[in-house]
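Trainee: I've just opened this one. Can you walk me through a few spots?
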Amino acid sequence: MKHRRNFEFSPKMLLILLTVICMLLLSVSVLFKDATRPFTSIVAAVVIPMQDGINSVGVWVSDRAGSMQSMEELRTENEQLRQQVEDLTRQNASLQSDQSELEELRSLFALSQQYVDYTKIGARVISSGSGNWYENFVINKGSDDGIAVNMNVLAGDGLVGIVTEVGHNFARVQSIISDDSSVSAMSASAADTCVVKGNSESARRDGVIDVTYISKDATMVDGEELVTSNISSKYLPGLKIGTVSGIEMDSSNLTKSAKLTPVVDFQHVDEVLVITQLKEVPAGSESAD
């Protein structure tokens with residue numbers, strides 16, 4: 001039994017055959033233009049729309065590729081801009097911090113110039129305890145820096161408080177708004193004496209503390225400035241405390257009471273000045289505060 005042999009075109013033969021067919025069609029189209037016109041119209045009707053479709057697809061693919069490239073470029077540019085914004089934000093925060101510190105140092109320098117007769121050392125608040133009010137706080141200077149108990153502490157425009165505890169590299173300060181604070185004071189103009197008492201609740205609620213033991217005959221008036229008095233046993237004289245308001249006679253008709261608005265913002269105490277000298281009180285004298 002003979003095996004039937006399949007006839008196969010080689011690629012070379014197929015190319016030759018297609019070439020011959022194309023040449024024949026070309027010759028026919030040249031020699032018989034009128035005969036091939038219907039065929040040409042049919043071909044045009046079929047091929048031209050196909051070409052338009054292929055061109056449209058090509059344009060769409062090209063536009064899509066360009067769009068994808070543009071999107072990738074935009075992503076890269078956006079990432080670069082985002083990084084620049086983060087860098088500028090950090091730089092701005094650093095500049096604001098530096099500006100704030102510079103303003104605090106300028107304020108301390110101005111405060112130091114008000115009390116040139118006293119030797120002072122600058123310190124930073126490192127702990128304020130609980131809450132946002134600086135009733136008691138800790139500074140980063142201690143006995144190694146010459147700090148001692150009962151040294152007066154300044155900030156803002158005047159008196160913050162007094163040192164109550166000292167370690168080698170820290171000190172604790174009790175502010176004048178603390179309930180345990182009592183400062184012998186006087187009016188800056190008439191030298192009418194009184195006592196400034198801490199009142200933490202009133203300080204938080206209304207921003208004021210108490211003034212007591214004002215003489216019934218005192219000429220002290222609302223808006224007058226109070227400073228530490230000469231008779232204080234712990235506080236050096238002449239330190240600004242605040243302005244008095246709401247002066248009224250006590251029920252005993254022997255003394256007056258009032259409120260005091262401190263010159264220091266006790267919600268924002270970052271840098272302080274410690275006066276490194278103690279009030280000298282003669283032995284046996286009575287303590288005023």
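Predicted model: local features only at pLDDT ≥ 70, side-chain atom pairs only at ≥ 80, totals over all residues.

Trainee: OK. So where does Val20 fall, buried or exposed or partly exposed?
Mentor: Val20 has 40% relative accessibility, so it counts as partly exposed. Its place is in helix α1, residues 11-31.

Trainee: Which residues form a nonpolar patch with Val20?
Mentor: Ile16 and Leu24. Together the three have about 270 Å² of accessible area on the surface.

Trainee: New topic. What about Ser181, buried or exposed?
Mentor: Buried, because its relative accessible area is 1%. Ser181 lies in the loop between β5 (171-175) and β6 (182-187).

Trainee: What is Ser181 in contact with, leaving aside neighbours within four places in sequence?
Mentor: Its contacts include Gln174, Ser175 and Ile176. Val196, Lys197, Gly198 and Tyr235 are also among them.

Trainee: Where is Asn150?
Mentor: In the loop between β2 (136-139) and β3 (152-155). Asn150 is partly exposed, at 28% relative accessible area.

Trainee: And what is the phi of Tyr213?
Mentor: About 55 degrees, also positive, and Tyr213 is not a glycine either. Tyr213 sits in strand β8, residues 209-215.

Trainee: Is Tyr213 buried or exposed?
Mentor: Exposed, because its relative accessibility is 60%.

Definitions and conventions. Residues numbered from 1 in each chain as written. Heavy atoms only, no water. Helix = DSSP H or I, 4+ residues; strand = E, 2+ residues; numbered from the N terminus. Buried < 20%, exposed > 50% of the residue type's maximum accessible area, 1.4 Å probe, protein only. Contact = heavy atoms within 4.5 Å. Patch = residues over 30% accessible without salt bridge, like charges linked within 9 Å, V, L, I, M, F, W, Y side chains within 5 Å. Areas by Shrake-Rupley, 256 points an atom, 1.4 Å probe, with all protein chains shown as cover. Salt bridge = Lys/Arg side-chain N within 4 Å of Asp/Glu carboxyl O.
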